[in-house]
2 protein chains.
Amino acid sequence: MTRTELTQRQQDVYTFIRDKILNRGYGPTVREIGEQFSIKSPNGVMCHLRALEKKGLITRCPNKSRAIELTEGLGGTGGLPYVGVIAAGATTLSFEQSDRIDFSEMFARDDMFVLRVAGDSMIEAQIADGDYVVLKQQKTAHVGQIVVARTPDDETTLKYWHPENGRIRLQPANSSMQPIYVPHAEVLGVLVGLVRNRF
Amino acid sequence: MTRTELTQRQQDVYTFIRDKILNRGYGPTVREIGEQFSIKSPNGVMCHLRALEKKGLITRCPNKSRAIELTEGLGGTGGLPYVGVIAAGATTLSFEQSDRIDFSEMFARDDMFVLRVAGDSMIEAQIADGDYVVLKQQKTAHVGQIVVARTPDDETTLKYWHPENGRIRLQPANSSMQPIYVPHAEVLGVLVGLVRNRF
DNA sequence: TGGCTGATGGTACAGGTGTTCGATCAGTTA
DNA sequence: TAACTGATCGAACACCTGTACCATCAGCCA
């Protein structure tokens, strides 16, 4: 959601403010923002805040400390009703008194990140073109795990992770495709989840 | 979430603080709390804040304004960093300054519900056993959409929706399975999303 | 009755904080 | 070249805010 109408600097400041509010629960002061970006004058920051407010991204309450509201909702209030398991066979759905399920809570760890999948190389693992995959950031993986790996020629790819004698086999889940063999590769993260929202 | 170890007054104060953080985006000052509860001395409020902190409900950062953190997570606040598209080929992942993606926002409509899939009848639509499917509650569907349908013998199933002359064909996405033909069926919802979190 | 806890009031102070005014400076546009 | 915009510095100011110290009072328990 990069905004062309924002300068890079404004984008940075906005992201910082949002990050503070989201992760710490309360926003930064003018001087905290300044410190973060090595802006030594409070007025330097004020200038950006005025710009962000004029462009409608934040709302401020004059003369109050830390009183920055994000115009964009924080989102994620409640989750969705979880009504049961659906099998090939009989099922009773109970909309009444159902539990709720919250996907952002499901992937709530902050060492995770999201990639969008392009291509069908993992189709037989039920990972389709356009899916969002959720990955846990780590540098090692077990044999057979699905990982995001960076190869020596600086390509990044989503594949099964198979270290072999003196090389790495990056195995697609697509029987019409061949495995990739590389002398070594860097694991960027391992697959922990998947989200799809187009049907 | 009434806590027996809290006095009524403390409970009230805590609720007020949480309400401010959740609905306004930033917490109250000591004096704002005092005004709300007609406590005329800042110290009266301090006393409650100390109590709440001692009991572990909030965390404070000394000498900072509005610096009240709720110990209990806000629930579904933030989303995850969205770092790019991963293709079979080259990709540059940018962890710096990345956008964020929030799945609970993605499925934020309140006419949606979630089911867990049992069985492999939709495997060729990349819907696997154990996946969560997100459905939009509606009574009609277009031809070829994936729906949750209830058949006359009161079974509920996830299938492709194919109305035909005088009957409904409920088509699995599994070439080893046969379609189900029923004289009529009730659409409970159409598929709009999918979430998987086991790998 | 004495001691304890929870809840407040009052006052005072130091440092945090938002804001303003004036000025510089690089890069872009007319 | 002149005008402008974005970004920033520096200093100053008034108010906001957290905090500390001291005191009161009702209710409960021993």
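Predicted model: local features only at pLDDT ≥ 70, side-chain atom pairs only at ≥ 80, totals over all residues.
**Entry 1: DNA strand C**

I began with the protein surface around DNA strand C. I found 27 residues there, and A:Val30, A:Arg60, B:Thr7, B:Lys40 and B:His48 come nearest. I then looked at which part of the strand faces the protein. Sugar and phosphate make up 60% of the atoms of DNA strand C that come within 4 Å of the protein.

Next I looked up phosphate contacts. A:Arg60 has a polar side-chain atom 2.9 Å from a phosphate oxygen of DNA strand C. For B:His48, the distance from a side-chain N or O atom to a phosphate oxygen of DNA strand C is 3.4 Å.

In chain A they are helix 2 (30-36) and helix 3 (42-54), and in chain B helix 1 (8-24) and helix 3 (42-54). I sorted the residues by class as well: the surface near DNA strand C has 13 polar, 8 charged and 6 nonpolar residues.

**Entry 2: DNA strand D**

I repeated the search for DNA strand D. It is surrounded by 25 residues, of which A:Thr7, A:Arg9, A:Lys40, A:His48 and B:Val30 are the closest. Of the atoms of DNA strand D within 4 Å of the protein, 61% are in sugar or phosphate, and bases supply the rest.

The side chain of A:Arg9 places an N or O atom 2.9 Å from a phosphate oxygen of DNA strand D. A:Gln10 has a polar side-chain atom 3.4 Å from a phosphate oxygen of DNA strand D. I also noted a contact to a base: an N or O atom in the side chain of B:Asn43 is 3.2 Å from a base nitrogen of DNA strand D.

The elements that give two or more residues here are helix 1 (8-24) and helix 3 of chain A, along with helix 2 and helix 3 of chain B. Which element gives the most to the surface near DNA strand D? I found that helix 3 of chain A does, with 4 residues. By class, I have 6 nonpolar, 13 polar and 6 charged residues near DNA strand D.

**Entry 3: Salt bridges between the chains**

I turned to charged pairs. Side chains of opposite charge can pair when their charged atoms come close. The count over all chains is 12 salt bridges.

I looked up B:Lys64 and A:Glu32, which form a salt bridge with their closest N and O atoms 3.1 Å apart. B:Lys64 is in the loop between strand 1 (58-60) and strand 2 (68-70) of chain B, while A:Glu32 is in helix 2 of chain A, so this pair joins two chains.

I then checked B:Glu32 and A:Lys64. They form a salt bridge, with 3.1 Å between the closest N and O atoms. B:Glu32 belongs to helix 2 (residues 30-36) of chain B and A:Lys64 to the loop between strand 1 (58-60) and strand 2 (68-70) of chain A, so this pair also joins two chains. B:Glu32 is buried at 15% relative accessibility, and A:Lys64 is partly exposed at 30%.

**Entry 4: A salt bridge within chain A**

I looked up A:Glu186 and A:Arg150 as well. Their closest N and O atoms are 3.3 Å apart in a salt bridge. A:Glu186 is in strand 11 (residues 186-196) and A:Arg150 in strand 7 (residues 146-150) of chain A, and the pair links parts of the chain 36 residues apart. A:Glu186 is partly exposed at 34%, and A:Arg150 is partly exposed at 28%.

**Entry 5: Aromatic pairs**

A:Phe16 lies in helix 1 and A:Phe37 in the loop between helix 2 and helix 3 of chain A, 21 residues apart. A:Phe16 is buried at 11% relative accessibility, and A:Phe37 is buried at 15%.

In chain B, the rings of B:Phe16 and B:Phe37 have centres 5.6 Å apart and planes at 80°, so this pair is edge-to-face. I noted B:Phe16 in helix 1 and B:Phe37 in the loop between helix 2 and helix 3 of chain B. Both B:Phe16 and B:Phe37 are buried.

Terms used. Residues numbered from 1 in each chain as written. Chains lettered and ligands numbered in written order. Heavy atoms only, no water. Near = heavy atom within 4 Å. Polar contact = N/O pair within 3.5 Å; in protein donor to acceptor, adjacent residues only side chain to side chain. Nonpolar A, V, L, I, M, F, W, Y, C, P; charged D, E, K, R; others polar. Salt bridge = Lys/Arg side-chain N within 4 Å of Asp/Glu carboxyl O. Buried < 20%, exposed > 50% of the residue type's maximum accessible area, 1.4 Å probe, protein only. Phe/Tyr/Trp six-rings, centres within 6.5 Å; stacked < 30°, edge-to-face > 60°.
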